[in-house]
Amino acid sequence: MPKHKSKAYVSDSDDSDISDDEKAAAKKRKLEKKKKQKAEREEEDEGSDMIQLSNKRFVSVREFKGKCLIDIREYYDAGGELKPGKKGISLSKDQWQKLKAAMDDIDEKVQAIED
(Lines give C-alpha, C1' and ligand atoms only; values in the text may rest on other atoms or scores of the structure.)
Protein backbone atom coordinates (compact mmCIF):
# COMPACT_ATOMS: atom_id res chain seq x y z
CA MET A 1 0.00 0.00 0.00
CA PRO A 2 1.43 3.43 -0.92
CA LYS A 3 2.55 5.71 1.88
CA HIS A 4 1.05 8.83 0.25
CA LYS A 5 -2.47 9.16 -1.03
CA SER A 6 -2.52 10.90 -4.42
CA LYS A 7 -5.98 12.46 -4.28
CA ALA A 8 -8.87 12.13 -1.96
CA TYR A 9 -12.08 10.82 -3.48
CA VAL A 10 -14.93 13.26 -3.15
CA SER A 11 -18.39 12.07 -4.00
CA ASP A 12 -21.50 14.09 -4.83
CA SER A 13 -22.92 13.21 -1.43
CA ASP A 14 -20.17 15.34 0.17
CA ASP A 15 -21.83 18.51 -1.18
CA SER A 16 -24.01 18.77 1.91
CA ASP A 17 -23.21 22.49 2.21
CA ILE A 18 -25.24 23.25 -0.94
CA SER A 19 -28.94 22.53 -0.94
CA ASP A 20 -30.82 21.09 -3.90
CA ASP A 21 -32.71 24.39 -4.27
CA GLU A 22 -29.45 26.34 -4.50
CA LYS A 23 -28.13 23.90 -7.11
CA ALA A 24 -31.32 24.23 -9.15
CA ALA A 25 -31.22 28.04 -8.92
CA ALA A 26 -27.57 28.10 -10.06
CA LYS A 27 -28.37 25.81 -12.97
CA LYS A 28 -31.32 28.00 -13.95
CA ARG A 29 -29.15 31.16 -13.87
CA LYS A 30 -26.53 29.48 -16.04
CA LEU A 31 -29.17 28.38 -18.56
CA GLU A 32 -30.70 31.88 -18.68
CA LYS A 33 -27.24 33.40 -19.23
CA LYS A 34 -26.62 31.03 -22.16
CA LYS A 35 -30.01 31.90 -23.69
CA LYS A 36 -29.27 35.62 -23.36
CA GLN A 37 -25.85 35.24 -25.00
CA LYS A 38 -27.38 33.25 -27.88
CA ALA A 39 -30.08 35.89 -28.38
CA GLU A 40 -27.43 38.63 -28.46
CA ARG A 41 -25.42 36.71 -31.08
CA GLU A 42 -28.53 36.19 -33.21
CA GLU A 43 -29.40 39.89 -32.90
CA GLU A 44 -25.89 40.79 -34.09
CA ASP A 45 -26.20 38.37 -37.00
CA GLU A 46 -29.48 39.90 -38.16
CA GLY A 47 -27.66 43.15 -38.93
CA SER A 48 -25.12 41.49 -41.20
CA ASP A 49 -25.90 40.49 -44.77
CA MET A 50 -24.06 37.51 -46.12
CA ILE A 51 -22.92 37.39 -49.74
CA GLN A 52 -22.76 33.86 -51.10
CA LEU A 53 -19.59 32.95 -53.00
CA SER A 54 -20.32 29.25 -53.46
CA ASN A 55 -22.46 26.54 -51.91
CA LYS A 56 -21.19 27.00 -48.36
CA ARG A 57 -18.80 29.97 -48.63
CA PHE A 58 -19.92 33.44 -47.70
CA VAL A 59 -18.57 36.96 -47.22
CA SER A 60 -20.01 39.12 -44.47
CA VAL A 61 -19.19 42.44 -42.88
CA ARG A 62 -19.50 42.54 -39.11
CA GLU A 63 -18.36 44.34 -36.04
CA PHE A 64 -16.28 42.57 -33.42
CA LYS A 65 -14.99 44.31 -30.29
CA GLY A 66 -15.66 47.67 -31.89
CA LYS A 67 -13.78 46.91 -35.11
CA CYS A 68 -15.15 46.39 -38.61
CA LEU A 69 -14.22 42.99 -40.08
CA ILE A 70 -14.72 41.49 -43.53
CA ASP A 71 -15.27 37.80 -42.90
CA ILE A 72 -14.72 35.25 -45.68
CA ARG A 73 -15.77 31.93 -44.23
CA GLU A 74 -16.90 28.40 -45.00
CA TYR A 75 -20.09 27.35 -43.23
CA TYR A 76 -21.36 23.90 -42.25
CA ASP A 77 -24.84 22.46 -41.90
CA ALA A 78 -25.87 21.86 -38.28
CA GLY A 79 -29.34 20.37 -38.26
CA GLY A 80 -30.65 22.49 -41.12
CA GLU A 81 -28.95 25.67 -39.91
CA LEU A 82 -25.76 27.07 -41.42
CA LYS A 83 -23.07 27.81 -38.84
CA PRO A 84 -19.63 29.35 -39.35
CA GLY A 85 -16.78 26.87 -39.52
CA LYS A 86 -13.10 27.14 -38.65
CA LYS A 87 -12.04 27.55 -42.27
CA GLY A 88 -11.99 31.21 -43.11
CA ILE A 89 -10.38 34.56 -42.59
CA SER A 90 -11.39 37.86 -41.06
CA LEU A 91 -9.80 40.91 -42.64
CA SER A 92 -9.48 44.29 -40.97
CA LYS A 93 -10.56 47.37 -42.92
CA ASP A 94 -6.90 48.13 -43.78
CA GLN A 95 -6.26 44.58 -44.98
CA TRP A 96 -9.44 44.72 -47.08
CA GLN A 97 -8.28 47.99 -48.70
CA LYS A 98 -4.88 46.42 -49.53
CA LEU A 99 -6.58 43.37 -51.05
CA LYS A 100 -8.83 45.58 -53.18
CA ALA A 101 -5.81 47.62 -54.34
CA ALA A 102 -4.06 44.39 -55.38
CA MET A 103 -7.01 43.07 -57.43
CA ASP A 104 -5.56 44.10 -60.81
CA ASP A 105 -2.27 42.34 -60.03
CA ILE A 106 -4.14 39.26 -58.84
CA ASP A 107 -6.29 39.22 -61.99
CA GLU A 108 -3.15 39.43 -64.15
CA LYS A 109 -1.56 36.49 -62.33
CA VAL A 110 -4.73 34.42 -62.64
CA GLN A 111 -4.93 35.22 -66.36
CA ALA A 112 -1.26 34.22 -66.82
CA ILE A 113 -1.91 30.85 -65.20
CA GLU A 114 -5.04 30.22 -67.27
CA ASP A 115 -3.28 31.05 -70.58
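Good morning. The structure is a predicted model, in which local features need a pLDDT of at least 70 and side-chain atom pairs count only at pLDDT 80 or more, while totals for chains, interfaces and linings use all residues. Residues are numbered from 1 along each chain as its sequence is written, and side-chain values use heavy atoms, with hydrogens and water left out.

I begin with the overall layout. The protein chain has three helices and four strands; helices (H or I, at least four residues) and strands (E, at least two) are DSSP runs, numbered from the N terminus. Read from the N terminus, the order of elements is α-β-β-β-β-α-α. Of the 115 residues in the protein chain, 10% are buried. Here, buried means under 20% relative accessible area, exposed means over 50%, and partly exposed lies in between, with a 1.4 Å probe and protein chains only. The exposed surface comes to about 11,000 Å², of which carbon and sulfur atoms supply 51%; these areas come from the Shrake-Rupley method with a 1.4 Å probe, and for residues only the protein chains shown count as cover. Among the contacts with a separation of 6 or more, 8% are between residues 24 or more positions apart, a contact being heavy atoms within 4.5 Å.

The four strands form an open sheet in the order 1-2-3-4, with antiparallel pairing. Its edges are strand 1 (50-52) and strand 4 (81-92), each of which pairs on one side only. From one strand to the next, the twist averages 30°. Two strands are taken to pair if DSSP finds at least two bridges between them. In general, strands of a sheet pair through backbone hydrogen bonds, either parallel or antiparallel. Strand 3 and strand 4 run antiparallel and are joined by nine bridges. Within this pairing, D71 stands opposite S90 in strand 4. Helix 2 (residues 93-101) packs on the sheet, where it touches strand 3 and strand 4, and its direction makes about 80° with that of strand 4. For such angles, axes are lines fitted to C-alpha atoms, for helices over the stretch in contact, and the angles run from 0 to 180 degrees between N-to-C directions.

Next, the side chains. Which two rings form the aromatic pair of this structure? The structure holds one such pair, and the rings are those of F58 and Y75, with centres 5.3 Å apart and planes at 85°, so the arrangement is edge-to-face. Under the criterion used, rings of Phe, Tyr and Trp (its six-membered ring) pair if their centres lie within 6.5 Å; planes under 30 degrees apart count as stacked, over 60 as edge-to-face and the rest as tilted. F58 lies in strand 2 (residues 57-64) and Y75 in strand 3 (residues 67-78), so the pair links parts of the chain 17 residues apart. Both F58 and Y75 are buried.

The structure also holds three salt bridges, each defined as a side-chain nitrogen of Lys or Arg within 4 Å of a carboxyl oxygen of Asp or Glu. In one of them, E74 and R57 meet at 3.0 Å, N to O. This pair likewise links strand 3, with E74, to strand 2, with R57, 17 residues apart. E74 is partly exposed at 25% relative accessibility, and R57 is partly exposed at 47%.

R62, D71 and R73 are linked in a network of salt bridges. The closest N and O atoms are 3.7 Å apart between D71 and R62, and 3.2 Å apart between R73 and D71.

S60 is buried, with a relative accessible area of 6%. Leaving aside neighbours within four places in sequence, S60 contacts D49, M50, L69, I70 and D71.

Finally, the loop between strand 2 and strand 3 contains K65. Most residues other than glycine have a negative phi. K65 is not a glycine, yet has a positive phi of about 50°. At 74% relative accessibility, K65 counts as exposed.

Thank you for your attention.
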